[in-house]
Amino acid sequence: MSATADHAEERTNPAARLGFQPGQVVQEIGYDDDVDQELREAIEDAIGSELVDEDYDDVADAVVLWFRDEDGDLTDALVDATTYIEEGGAILLLTPKTGREGYVEPSDISEAATTAGLTASKSVSVGKDWTASRLATPKAAKSKK
């Protein structure tokens, strides 16, 4: 495949655009009837396996967290999600778009991410009803001597 084709896929495939790689273990939290099935399938295609659910008992490379305003405290959900992933891993926070039921304010996402010790990137549209924010966990702390 040429570099041009790779770049075209990144623009059209949201899973590739979000950085999912073959062989990754991706845990899904917050699944419900309203999730974007096309995005889920695109992520599974990108990683080459099915998403693992909330009962997975090992560490994952990334977490997909579907979160709606009525789901409780976002900071708590993010802190819990960090316990499931490798150091330096990422959480893909998926929230309903503006005007959709369960919409979460960007300022709430930013505040919750900071409180949970995560670094947020800008939000991107990943479907008709969902917006994604890629939240990174800190790398292993370097010792200061």
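In which sense do strand S4 and strand S5 pair, and over how many bridges?

What we have here is a predicted model, where local features need pLDDT of at least 70, side-chain atom pairs count only at pLDDT 80 or more, and totals for chains, interfaces and linings use all residues. Residues are numbered from 1 along each chain as its sequence is written, and side-chain values use heavy atoms, with hydrogens and water left out.

Let's start with the whole protein. Its secondary structure comes to five helices and five strands. Helices (H or I, at least four residues) and strands (E, at least two) are DSSP runs, numbered from the N terminus. Read from that end, the elements go α-α-β-α-β-α-β-α-β-β. Of the 145 residues, 41% count as buried; buried means under 20% relative accessible area, exposed over 50%, and partly exposed in between, with a 1.4 Å probe and protein chains only.

Back to my opening question. S4 (residues 119–125) and S5 (residues 130–136) pair in the antiparallel sense, over five bridges. Two strands count as paired if DSSP finds at least two bridges between them. Threonine 119 stands opposite alanine 136 in S5, and serine 125 has threonine 131 in S5 as its bridge partner. Together S4 and S5 make a hairpin, with four residues between them.

Now zoom out to the sheet. Five strands form an open sheet in the order S1-S2-S3-S5-S4, with mixed pairing. S1 and S4 are the edge strands, each pairing on one side only. From one strand to the next, the twist averages 20°. Helix H4 packs on this sheet and touches S1, S2, S3 and S5, while its direction makes about 145° with that of S3. For angles like these, axes are lines fitted to C-alpha atoms, for helices over the stretch in contact, and the angles run from 0 to 180 degrees between N-to-C directions.

Let's step into H4, which spans residues 74–82 and includes threonine 75. Is threonine 75 buried or exposed? Threonine 75 is buried, because its relative accessible area is 18%. Leaving out residues up to four places away in sequence, threonine 75 touches Ala112, Thr115 and Ala116; contact here means heavy atoms within 4.5 Å. Threonine 75 and alanine 112 are 37 residues apart along the chain, yet their C-alpha atoms are separated by 4.5 Å.

My last stop is helix H3, residues 37–47. Several of its residues are buried, among them Leu39, Ile43 and Ile47. What do the buried residues of H3 pack against? They pack against helix H2 (14–17), strand S1 (26–29), strand S2 (60–66) and strand S3 (85–96).

Arginine 40 also sits in H3. Arginine 40 counts as buried because its relative accessibility is 14%. Setting aside neighbours within four places in sequence, the contacts of arginine 40 are Glu28, Tyr31, Val35, Leu51 and Trp66.

Have a look at the two ends of H3 as well. At the start, a side-chain oxygen of aspartate 36 reaches to within 3.0 Å of the backbone nitrogen of glutamate 38. After H3 comes glycine 48, with a positive phi near 80°.

One number to finish on: among contacts with a separation of 6 or more, 74% are between residues 24 or more positions apart.

Note on methods:
Polar contact = N/O pair within 3.5 Å; in protein donor to acceptor, adjacent residues only side chain to side chain.
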